[in-house]
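Please keep the sequence and the model in view while reading.

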2 protein chains.
Amino acid sequence: MAERLSPEAIEEAMKRIPEWELEESSISRTFEFEEYMDGIGFVNKVAAAAEEANHHPDMEVRYGWVDVSLSTHDAEGLTDLDFDLAQKIDSLG
Amino acid sequence: MAERLSPEAIEEAMKRIPEWELEESSISRTFEFEEYMDGIGFVNKVAAAAEEANHHPDMEVRYGWVDVSLSTHDAEGLTDLDFDLAQKIDSLG
């Protein structure tokens, strides 16, 4: 199981994903899209990356944007799984 | 533009979609799935129905469930568009 990162390790890891926001025990980023179906296409790409990583983000789908939120529930906080997948998702957006 | 329904018309329309919850100016239903990708498959079916209706629900995707919420923003409330699409979505779930 992935280990929960210390506050110092989280601060360091956030530098890899400057577009993401750090919340209490999760990280999130909002991706904007002109069209609803472009957002849905993105949801599918995120889902494929999630399945590959066996780590599954929460998503909120609206007209114009998709919000992605990552946390490692088993570790009750943030782990490398979250930051690795966030970085992967950045390459899809 | 679709007209905002009266409280009485909403009460009547809710009978068509007994699994949905009525909120202040929206209706929502949570659909459960064993697997994340089953939820994603459902998101795609809802999105296709939304495009066909040119009416776009908000969705929340979690491991195990997808929440769908409908409202007609232009009318600042609920219209036939919402109830027609909800009924269509019920046939996909």
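At roughly what angle do the axes of helix 2 and helix 3 of chain A cross? In this predicted model, the axes of helix 2 (residues 36–53) of chain A and helix 3 (residues 80–90) of chain A cross at roughly 145° and come within 10 Å. The points below begin with this helix pair, turn to its counterpart in chain B, and end with the interface of the chains.

**Helix packing in chain A**

- The crossing of helix 2 of chain A with helix 3 of chain A is right-handed.
- From helix 2 of chain A, the residues A:Phe42, A:Val46, A:Ala49, A:Ala50 and A:Ala53 meet A:Leu85, A:Lys88 and A:Ile89 of helix 3 of chain A.
- Sorted by class, the residues of this contact in chain A are seven nonpolar, no polar and one charged.

**Helix packing in chain B**

- Helix 2 (residues 36–53) of chain B packs against helix 3 (residues 80–90) of chain B at an angle of about 145°, and their axes lie 10 Å apart.
- Helix 2 of chain B passes helix 3 of chain B in a right-handed crossing.

**Extent of the interface**

- In chain B, 16 residues are in contact with 16 residues of chain A.
- About 1500 Å² is buried between chain B and chain A, and carbon and sulfur atoms give 64% of this area.
- B:Tyr36, B:His56 and B:Met59 together supply 31% of the area that chain B buries against chain A, which is more than any other three residues.

- Two salt bridges are found across the interface of chain B and chain A.
- B:Asp58 forms a salt bridge with A:Arg62, with the closest N and O atoms 3.3 Å apart.
- Between chain B and chain A, seven residue pairs are in polar contact, with both residues at pLDDT 80 or more.

**The side of chain B that touches chain A**

- Helix 2 of chain B and strand 3 (58–62) of chain B each supply at least two residues of this side.
- Helix 2 of chain B provides the largest share, eight residues.
- By class, this side of chain B has ten nonpolar, two polar and four charged residues.

Conventions. Residues numbered from 1 in each chain as written. Chains lettered and ligands numbered in written order. Predicted model: local features only at pLDDT ≥ 70, side-chain atom pairs only at ≥ 80, totals over all residues. Heavy atoms only, no water. Axes fitted to C-alpha atoms, helices over the stretch in contact; angles between N-to-C directions. Helix = DSSP H or I, 4+ residues; strand = E, 2+ residues; numbered from the N terminus. Left-handed = near helix turned anticlockwise from the far one by under 90°. Contact = heavy atoms within 4.5 Å. Buried area = accessible area lost by both parts, 1.4 Å probe. Salt bridge = Lys/Arg side-chain N within 4 Å of Asp/Glu carboxyl O. Polar contact = N/O pair within 3.5 Å; in protein donor to acceptor, adjacent residues only side chain to side chain. Nonpolar A, V, L, I, M, F, W, Y, C, P; charged D, E, K, R; others polar.
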